[in-house]
Amino acid sequence: MSSSGKVSPPNVRFIRLMCTGRLDPEFVMKGFQSGADGVVILGCHPGDCHYKEGNYNTLRRVYLLRRMLSQFGIEEKRVRLEWISACEAEKFVDTLHDMVRTVKELGPLGKGVTGDFGR
Ligand code: FES
């Protein structure tokens with residue numbers, strides 16, 4: 001809940017990592033395989049990563065991941081990366097609501113993309 005009383009959407013599930021740099025692209029793919037219609041990755045602002053460059057590595061990784069997912073018919077908008085600090089509760093909640101709106105506009109992920117992603 002943010003200081004303004006806003007709460008996260010109820011249909012969001014969280015996976016906590018020490019740093020976005022620990023994000024294995026497979027986590028995102030497993031999310032989609034498990035029925036998620038979108039994935040939001042929230043990390044520290046550039047320059048604020050406790051592990052120095054974790055978020056920069058994630059930025060590059062997410063760019064490539066989106067391109068790869070689009071090859072499987074998954075719209076790039078279904079994966080979103082945002083920089084949010086621990087004191088930006090309102091931005092956190094607003095980002096989640098905005099992502100839920102985006103995913104609702106896109107509609108549910110088609111059944112045809114829940115395969116094994118080429119494994
Ligand atoms: S600690 Fe690395 S992105 Fe937050």
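**Exercise 1. Work out whether K52 is buried or exposed, and place K52 in the chain.**

Solution. Start with the count: K52 has 12 C-beta neighbours inside 10 Å, so K52 counts as exposed. The cut-offs are these: buried takes 20 or more other C-beta atoms within 10 Å of a residue's own, exposed takes 12 or fewer, partly exposed is in between, and C-beta atoms are placed from the backbone. Next, the location: K52 is in the loop between β1 and α2. Finally, check the backbone: K52 is not a glycine, yet its phi is positive, about 70°.

A word on the ground rules. This is a predicted model, where local features need pLDDT of at least 70, side-chain atom pairs count only at pLDDT 80 or more, and totals for chains, interfaces and linings use all residues. Numbering runs from 1 along each chain as its sequence is written.

**Exercise 2. List the elements of the protein in order and describe how β1 and β2 are joined.**

Solution. Count first: the protein has 3 helices and 2 strands. Both are DSSP runs numbered from the N terminus, with helices being H or I of at least four residues and strands E of at least two. Read from the N terminus, the order is α-β-α-β-α. Now the strands: β1 and β2 pair in the parallel sense over 5 bridges, where pairing takes at least two DSSP bridges between the strands. Along the way, the chain goes from β1 through α2 to β2, a right-handed β-α-β crossover. Right-handed here describes a path from the first strand over the helix to the second that runs clockwise, with the strands pointing away from the viewer. As for β1, 4 of its 5 residues are buried, so β1 is largely enclosed by the rest of the structure.

**Exercise 3. Check the length of α2 and sort its buried and exposed residues.**

Solution. Length first: helix α2 covers residues 54–71, and at 1.5 Å a residue its 18 residues should span 26 Å, which agrees with the 26 Å between its end C-alpha atoms. The expected span is 1.5 Å times one less than the number of residues. Now for burial: N55, T58, V62, L65 and L69 are the buried ones in α2. Down the axis of α2, its buried residues fall within an arc of 70°, so they line one face of the helix. That arc is taken from the directions from the helix axis to the C-beta atoms. Turned away from this buried side is the face with exposed R60, L64, R67 and Q71. What do the buried residues of α2 pack against? They pack against α1, β1 and β2, with contact set at C-beta atoms, placed from the backbone, within 7 Å. After α2 comes G73, with a positive phi near 85°.

**Exercise 4. Find the largest nonpolar core and follow V39 through its contacts.**

Solution. A nonpolar core is a set of buried Ala, Val, Leu, Ile, Met, Phe, Trp, Tyr and Cys residues joined through C-beta atoms within 7 Å. The largest one has 15 residues, and V28, V39, V40, I41, L65 and V79 have the most contacts inside it. At least two residues of this core come from each of α1, β1, α2 and α3, and α3 gives the most, with 4 residues. Zoom in on V39: leaving out residues up to four places away in sequence, V39 touches V28, G31, R78 and V79.

Key. Two residues are in contact if their C-beta atoms, placed from the backbone, lie within 7 Å.
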